[in-house]
Amino acid sequence: MATRMSENFDIQEIMREASALKWESIPRHVQQQIENTIAPTSLTKPDLTVLYGIVQQLDPTRALEVGLATGSSAVALLLGSSKLTSLDVIDPYQSSGFHNKGLEAIQLINNQYQLDFQFLPEFSHTALPKLLFSGKTYDYVFIDASHKFDSTIIEVFYADQMLDVGGFIIMDDRPWPMVGGVIAFLEQNYKHYTINTDHYRITLLHKTDQDRRAWFDFWNFSVPRSPEHERKIEEYRSQRKAQQSGQTK
Ligand SMILES: C[S@@+](CC[C@H](N)C(=O)[O-])C[C@H]1O[C@@H](n2cnc3c(N)ncnc32)[C@H](O)[C@@H]1O
């Protein structure tokens, strides 16, 4: 089993091992704490099992999470890692949209672990430059936030600025074209990463070098679009239209 950060990490092997992990084989107390956080905005139980398996293998020390919601991915991170010393979390809607459920889940675990924990209740595009300016560095960044193409690009851009060579970015929700488009851009242009897309929605990115592009380096990318997600987008658009017309009546 691969168990440490290194530039020679085989991320295919990490994904294979994580995908083979069964929910039933996770310790009961971990299952319970993850289950307590699951909501429609979370990853599913099988996907959280994969995330937990990835975290166990990467075993990060300094982590950043962008997009907390009810805290499922943060709990998988906290309980899956054995060496974590600090965690920074960004979410502008934790109080207004999630009744601080994610924060409570983290604090419950952190009473035991006493990590250096920082919460920034703001948008990623204002919080991330502050973290960079304050000199923060990470070996693990989890991105599951706005999902808009441009915000997601900004999140990855700043994550890369603060990520050690040898560190990892994990992104959820690749089937959505806004996120999948960013990953397609990264696959073509971020040559300093090895990117694994074997899982249907979780993407694992391993930073293997510094960014060595010149200003003229740019490679085309095409945005993958799945019929299933196009249908969902159409559904969301009609729901929004119905709400908006209801509001004007
Ligand atoms: C899909 S949920 C995250 C789910 C979470 N990772 C989990 O496992 O439960 C998306 C989160 O991103 C947050 N968010 C939305 N826009 C954001 C932005 N611009 N910057 C940071 N977070 C944002 C939302 O408040 C929400 O909590």
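**Exercise 1. In which element is Ser 86 found, is Ser 86 buried or exposed, and which residues is Ser 86 in contact with?**

Solution. 
- Step 1: Look along the chain of this predicted model; Ser 86 belongs to strand 2.
- Step 2: Residues under 20% relative accessible area count as buried. Ser 86 has 9% relative accessibility, so Ser 86 counts as buried.
- Step 3: Setting aside neighbours within four places in sequence, the contacts of Ser 86 are Thr 61, Arg 62, Ala 63, Leu 115 and Asp 116.

**Exercise 2. Where is the place of Asp 47, and which residues does Asp 47 touch, not counting residues up to four places away in sequence?**

Solution. 
- Step 1: Find Asp 47 in helix 3.
- Step 2: Check the accessibility: Asp 47 counts as buried because its relative accessibility is 3%.
- Step 3: Once residues up to four places away in sequence are left out, Asp 47 touches His 199, Tyr 200, Arg 201 and Ile 202.
- Step 4: Now take one of these, Ile 202, and compare sequence with space. Asp 47 and Ile 202 are 155 residues apart in sequence, yet their C-alpha atoms are 7.9 Å apart in space.

**Exercise 3. Describe how helix 1 and helix 3 pack.**

Solution. 
- Step 1: Two packed helices are described by the angle between their axes and the distance between the axes.
- Step 2: For helix 1 (residues 11-20) and helix 3 (residues 45-58), the angle is about 135 degrees and the axes are 8 Å apart. That angle makes helix 1 oblique to helix 3.
- Step 3: List the contact. Helix 1 brings Glu 13, Ile 14, Met 15, Glu 17, Ala 18 and Ser 19, while helix 3 brings Thr 49, Val 50, Gly 53, Ile 54, Gln 57 and Leu 58.
- Step 4: Sort by class: there are six nonpolar, four polar and two charged residues in the contact of helix 1 with helix 3.

**Exercise 4. Helix 4 meets two partners, helix 3 and helix 6. Which classes of residue make up each contact?**

Solution. 
- Step 1: Start with helix 3 and helix 4, whose axes come within 8 Å and cross at roughly 35 degrees. This crossing is right-handed.
- Step 2: Helix 3 uses Leu 48, Leu 51, Tyr 52, Val 55 and Gln 56, against Ser 72, Ser 73, Ala 76, Leu 77, Leu 79 and Gly 80 of helix 4. By class, that gives seven nonpolar, four polar and no charged residues.
- Step 3: Move on to helix 4 and helix 6, with axes that come within 9 Å and cross at roughly 15 degrees. The two helices are therefore roughly parallel to each other, and their crossing is left-handed.
- Step 4: Here Ala 74, Val 75, Leu 78 and Leu 79 of helix 4 meet Ala 105, Ile 106, Ile 109 and Tyr 113 of helix 6. The classes are eight nonpolar, no polar and no charged residues.

**Exercise 5. How many residues does the largest nonpolar core have, and which element gives the most to this core?**

Solution. 
- Step 1: The largest nonpolar core has 39 residues. Leu 51, Ile 54, Leu 58 and Leu 87 are among those with the most contacts inside it.
- Step 2: Elements that give two or more residues to this core include helix 1, helix 4, strand 2 and helix 6.
- Step 3: Helix 3 gives the most, with seven residues.
- Step 4: Apart from this core lies another, of 26 residues, including Val 66, Met 162, Val 179 and Leu 205.

How values were computed. Residues are numbered from 1 along each chain as its sequence is written. This is a predicted model: local features need pLDDT of at least 70, side-chain atom pairs count only at pLDDT 80 or more; totals for chains, interfaces and linings use all residues. Side-chain values use heavy atoms; hydrogens and water are left out. Axes are lines fitted to C-alpha atoms, for helices over the stretch in contact, and angles run from 0 to 180 degrees between N-to-C directions. Helices (H or I, at least four residues) and strands (E, at least two) are DSSP runs, numbered from the N terminus. Angles under 35 degrees count as roughly parallel, over 145 as roughly antiparallel, 65 to 115 as roughly perpendicular and the rest as oblique. Contact means heavy atoms within 4.5 Å. Ala, Val, Leu, Ile, Met, Phe, Trp, Tyr, Cys and Pro count as nonpolar, Asp, Glu, Lys and Arg as charged, and the others, Gly among them, as polar. A nonpolar core is a set of buried Ala, Val, Leu, Ile, Met, Phe, Trp, Tyr and Cys residues joined through side-chain atoms within 4.5 Å. Buried means under 20% relative accessible area, exposed over 50%, partly exposed in between (1.4 Å probe, protein chains only). A crossing is left-handed if the near helix is turned anticlockwise from the far one by less than a right angle, and right-handed if clockwise.
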